[in-house]
Amino acid sequence: MSKNPIINGLGAASYIALVVTIINVISQTQKNKPDTPYAPVVFLSLLTLSVTVMAYLFFYQPVLLFIAGKKKEAVQLFTQTVGVFALFTVIVVTLLFVGII
């Protein structure tokens, strides 16, 4: 993705927000319909897509740096990206418990 951990972390958070929004919109239209055998297929497909997107956002640049011999920079970028994402998660959980969202 990028060598900026803030962009990577917020990209992951944005992807999650987008997926949740889409799921909520779709579930509103499907309230009175029974589940079909295709529901697990959709779930596993979304899970696979999400794992791929998150792997790209968190690991792509650090792996490139690692391969280029910049091991310290690779570890630093990865941990900073995880840190930004963790900070976002803590903020959202706090806002949820306070009752703001």
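Here is a walk through the patch and its rings.

A: Happy to look at this with you. This is a predicted model, in which local features need pLDDT of at least 70, side-chain atom pairs count only at pLDDT 80 or more, and totals for chains, interfaces and linings use all residues. Residues are numbered from 1 along each chain as its sequence is written, and side-chain values use heavy atoms, with hydrogens and water left out.

M1, I7, Y56, Y60 and L64 make a nonpolar surface patch of about 450 Å². (Patch residues have over 30% relative accessible area and no salt bridge, and nonpolar side chains are joined within 5 Å; a salt bridge is a side-chain nitrogen of Lys or Arg within 4 Å of a carboxyl oxygen of Asp or Glu; areas come from the Shrake-Rupley method with a 1.4 Å probe.) Helix α2 (residues 39-67) gives the largest share, 3 residues; helices are DSSP runs (H or I) of at least four residues. I7 sits in helix α1 (residues 5-29) and is partly exposed at 41%, that is, between buried (under 20%) and exposed (over 50%).

The structure holds 3 aromatic pairs, meaning ring centres within 6.5 Å, with planes under 30 degrees apart stacked, over 60 edge-to-face and the rest tilted. One of them is the tilted pair Y56 and Y60, at 5.2 Å centre to centre and 35 degrees between the planes. These two tyrosines are about one helical turn apart because they lie 4 residues apart in helix α2. Y56 is partly exposed at 40%, and Y60 is partly exposed at 39%. F59 and F78 form a stacked pair, 5.1 Å centre to centre with 15 degrees between the planes. That pair links distant parts of the chain, helix α2 and helix α3 (residues 71-98), 19 residues apart.

Conventions
Patches are made of residues with over 30% relative accessible area and no salt bridge: like charges are joined within 9 Å, nonpolar side chains (Val, Leu, Ile, Met, Phe, Trp, Tyr) within 5 Å. Buried means under 20% relative accessible area, exposed over 50%, partly exposed in between (1.4 Å probe, protein chains only). Rings of Phe, Tyr and Trp (its six-membered ring) pair if their centres lie within 6.5 Å; planes under 30 degrees apart count as stacked, over 60 as edge-to-face and the rest as tilted.
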